Amino acid sequence: MHGGWQKVVGVGAVVLALLVSALGAVPASAEAEPSKPLAVVATTGMIADAVRQVGGERVEVRALMGPGVDPHLYRQTSSDIAAMARADAVFWHGLYLEAQLEDFFAALGKRKPVIALADTLPRDRLIEHDTYKGRFDPHVWMDPRLWAGVVTTAQDALVKLDPAGRAIYEANAAAHLAQIEKLAVYAETAFASVPEEARVLVTAHDAFNYFGRAYGYDVLGIQGISTDSEAGLKQIEHLVDTLVQRKIGAIFVESSVSDRNVRALIEGAAARGHKVVIGGELYSDAMGAPGTYEGTYIGMIDHNVTVITRALGGEAPAKGLNDRLAARN
Ligand code: ZN
């Protein structure tokens, strides 16, 4: 028994010695080549992707919101709070996207760097909110050239947090920005191949205003229309008119749209001899599954561009810009 104690004490002493030497080594190694990556928590998948692309191996990113999660309604869980307490920095979108996290981040920001990446975009490039003066549409990721500003802000923030990594962050950001520019050119070319009168996106969410502005498309929403009321029926009728007159062959769904509205539109158009199909599902406020191409910013937008273009009668390769989109039928 006595020997056992000695052994425990011995191990304890070794651990303590290791700890002391590790602590002693921190300042020197942090300046040169930190062995431990910067621990970052990010809110949306898109913000996490921007930080990952720029940070590379120097940064370890944990995203709070996975596929299908609505950032407008998201509230932090207890494991999120624990992760944020341990993190070196927290990156979020801002522009009131994560409305339920505003107060939490205001408090956390007094204790560690909490950085809203989209908040630094020039206001004259943003779309002002219809009803709230001084507030802006947060869905800036739908316009790749606007999103590029978010990536640049991520680079500046990482350089400030970890100046030793400057060269790496700048090189990674430049490479990612080149990919984003390629995506912007692809989107421009693809969307311009759609017949002019068909350049209308009928979809559920209000997430596509920046897309509409960037590429000259009308964006019409079908969310929140009630087919029970006279006003709702009038709105449906008006949408059917638009579909028929402009020969729009496809509308786009998200899980949040009621089947009834989609069916009412398709049947309404059919009754007037015009065929409308469901053009596919678009990514609006969250990316695809982690580890897939659609689970990256580039893949998410590539998917949307390719699906919209092909469904509306334009030309784009089935597997998209990088030949990596998952096969659909
Ligand atoms: Zn949204």
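User: What share of the contacts in the chain with a separation of 6 or more comes from residues 24 or more positions apart?

Analyst: Such residues account for 67% of those contacts, where a contact means heavy atoms within 4.5 Å. This is a predicted model, in which local features need pLDDT of at least 70 and side-chain atom pairs count only at pLDDT 80 or more, while totals for chains, interfaces and linings use all residues. Residues are numbered from 1 along each chain as its sequence is written, and side-chain values use heavy atoms, with hydrogens and water left out.

User: How many helices and strands does the chain have, and how much of the chain counts as buried?

Analyst: The chain holds 10 helices and 8 strands. Helices (H or I, at least four residues) and strands (E, at least two) are DSSP runs, numbered from the N terminus. Of the 329 residues, 44% count as buried; the term means under 20% relative accessible area, with exposed over 50% and partly exposed in between (1.4 Å probe, protein chains only).

User: Why does A173 count as buried?

Analyst: A173 has 1% relative accessibility, so the residue counts as buried. A173 sits in helix α6 (residues 166–192). Leaving aside residues up to four places away in sequence, A173 touches V54 and Q155. Q155 is 18 residues from A173 along the chain, and their C-alpha atoms are separated by 6.4 Å.

User: Which class do L95 and Y96 fall into, and where do L95 and Y96 lie?

Analyst: L95 belongs to the loop between β3 and α4 (102–108), and Y96 is found in the loop between β3 and α4 as well. At 8% relative accessibility L95 counts as buried, whereas Y96, at 38%, counts as partly exposed. Neither is glycine, yet phi is positive in each: near 55° for L95 and near 65° for Y96.

User: What makes α2 oblique to α5?

Analyst: Two packed helices are described by the angle between their axes and the distance between the axes. Helix α2 (residues 45–55) and helix α5 (residues 144–161) pack at about 55°, with axes 9 Å apart. Because of that angle, α2 is oblique to α5: angles under 35 degrees count as roughly parallel, over 145 as roughly antiparallel, 65 to 115 as roughly perpendicular and the rest as oblique. Axes are lines fitted to C-alpha atoms, for helices over the stretch in contact, and angles run from 0 to 180 degrees between N-to-C directions. The crossing of α2 and α5 is right-handed. Residues of α2 including M46, I47, A50 and V51 meet residues of α5 including W147, V150, V151 and A154.

User: Why is α8 called oblique to α9, and which residues meet there?

Analyst: The axes of helix α8 (residues 230–245) and helix α9 (residues 259–271) cross at roughly 50° and come within 9 Å. That angle is why α8 is oblique to α9. Their crossing is right-handed. On the α8 side the residues are I236, L239, V240, L243 and V244, and they meet N261, A264, L265, G268 and A269 of α9.

User: What makes β2 and β4 edge strands?

Analyst: An open sheet is formed by 4 strands in the order β2-β1-β3-β4, with parallel pairing. β2 (59–63) and β4 (114–116) each have a single partner strand, so one side of each is left without a neighbour in the sheet. The twist averages 25° from one strand to the next. Two strands pair if DSSP finds at least two bridges between them, and strand β3 (residues 89–92) has 3 with β4. V90 is opposite V114 in β4. α5 packs on the sheet, touching β1, β2, β3 and β4, with its direction at about 170° to that of β3. Helix α3 (residues 78–86) lies across β1 (38–42), β2 and β3, at about 160° to β2.

User: How do you know that β5 and β6 are paired, and what covers the question of burial in β5?

Analyst: Strand β5 (residues 200–203) and strand β6 (residues 218–221) run parallel and are joined by 4 bridges. In β6, D218 is the bridge partner of V200. Both faces of β5 are covered: V200 and V202 on one side, L201 and T203 on the other, are all buried. With helix α7 (residues 209–215), β5 and β6 make a right-handed β-α-β unit.

Note on methods: Right-handed = clockwise from strand over helix to strand, strands pointing away. Left-handed = near helix turned anticlockwise from the far one by under 90°.
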